[in-house]
Amino acid sequence: GSLISSAVAFGRGVVLEYGARPGDVLPALRVCSRADLSRAERQLRTSIFKPTDCRFGRFNRRMSIPISLRLIEWMRFSPHVMSLLLIALGLGAGWLFSLGSYLSGVLAALLSVAASILDGCDGELARLQYKESRVGCWLDTLGDYIYYFAIFVGLAIGVSRHSQSDFLWWAGTALLLVMSLTFALLILLR
């Protein structure tokens, strides 16, 4: 069961690196005993928090980290698969928002909260399993943009359908165009 116990050969120290505080990376730490392993795992979990996490992000991480740990323990879940799952959740929430009914809006909001919590899992799975990659970074970024786009498109369509206002169709279209340009600039600057 432990995260790094498979990497530890007792009697021989294994050198691992992680942070003591959010975002910090410690110098190498030698793991030679169960007590060292326990301390190393605590430090590894602490290092998952990013210094850029806001209060809401830290709240989400307190829920996503235990989920990530279970996914690793149970099935060595791939961070790329988690990113694809998040894209599907975003598209599903966007579709539900686009229906424009109260019930579909509540379901879409609940799906969005779940996606927000799980959004940290892909990066956590990558860091905890030492599977960080450029492809994963781009897939995570692309997934975030697809999620936002699907949510905003769904909301614009849902509100327009519900209100039956032509003005809202045009306002929604203009806002989506501006959002698309913003995403394009963010991708170029990344």
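Mentor: Let us begin with contact, which means heavy atoms within 4.5 Å. Ser104 touches Leu96 and Leu99, not counting residues up to four places away in sequence.

Trainee: What kind of model is this, and how are the residues numbered?

Mentor: This is a predicted model, in which local features need pLDDT of at least 70 and side-chain atom pairs count only at pLDDT 80 or more, while totals for chains, interfaces and linings use all residues. Residues are numbered from 1 along each chain as its sequence is written, and side-chain values use heavy atoms, with hydrogens and water left out.

Trainee: How many helices and strands are there in the protein chain?

Mentor: The protein chain has six helices and two strands. Helices (H or I, at least four residues) and strands (E, at least two) are DSSP runs, numbered from the N terminus. From that terminus on, the order is β-β-α-α-α-α-α-α.

Trainee: What share of the protein chain counts as buried?

Mentor: Of its 190 residues, 40% count as buried. Buried means under 20% relative accessible area, exposed over 50%, and partly exposed in between (1.4 Å probe, protein chains only). As for contacts with a separation of 6 or more, residues 24 or more positions apart account for 64% of them.

Trainee: Back to Ser104: is it buried or exposed?

Mentor: Ser104, in helix α4, is buried because its relative accessible area is 4%. A polar atom of its side chain lies 3.1 Å from the backbone oxygen of Leu96.

Trainee: And Tyr102, buried or exposed?

Mentor: Tyr102 is also placed in helix α4, but it counts as exposed because its relative accessibility is 73%. Tyr102 and Gly158 are 56 residues apart in sequence, with their C-alpha atoms 9.9 Å apart in space.

Trainee: What does Leu71 contact?

Mentor: Leaving aside neighbours within four places in sequence, Leu71 is in contact with Arg76, Phe77, Met82 and Leu125. Leu71 and Leu125 are 54 residues apart in sequence and 8.2 Å apart from C-alpha to C-alpha. Leu71 lies in helix α2 (residues 55–75) and counts as buried, since its relative accessibility is 13%.

Trainee: Changing topic, which residues are closest to the centre of the largest pocket?

Mentor: First, its volume is about 900 Å³. Of the 37 residues that line the largest pocket, the closest to its centre are Lys50, Asp119, Gly120, Asp140 and Asp144. The elements giving two or more residues to that lining are α2, α3 (79–98), α4 (102–128) and α5.

Trainee: How is a pocket defined here?

Mentor: On a 1 Å grid over the protein atoms alone, a pocket is an open set of points where a 1.4 Å probe fits, with protein on both sides within 12 Å along at least five of seven lines; lining residues have an atom within 4 Å of a point. Grid points are joined across faces, edges and corners, and a volume is the space filled by probe spheres set on the points.

Trainee: Which element gives the largest share of the lining?

Mentor: That is α4, with eleven residues.

Trainee: Finally, which residues of α6 are buried?

Mentor: In α6, these are Gly172, Leu176, Met179 and Phe183, and what covers the buried residues of α6 includes α5 (134–163). After α5 comes Gln164, with a positive phi near 55 degrees.

Conventions
A polar contact is a pair of N or O atoms within 3.5 Å; within protein, one must be able to donate a hydrogen and the other to accept it, and residues adjacent in sequence count only if both atoms are side-chain atoms.
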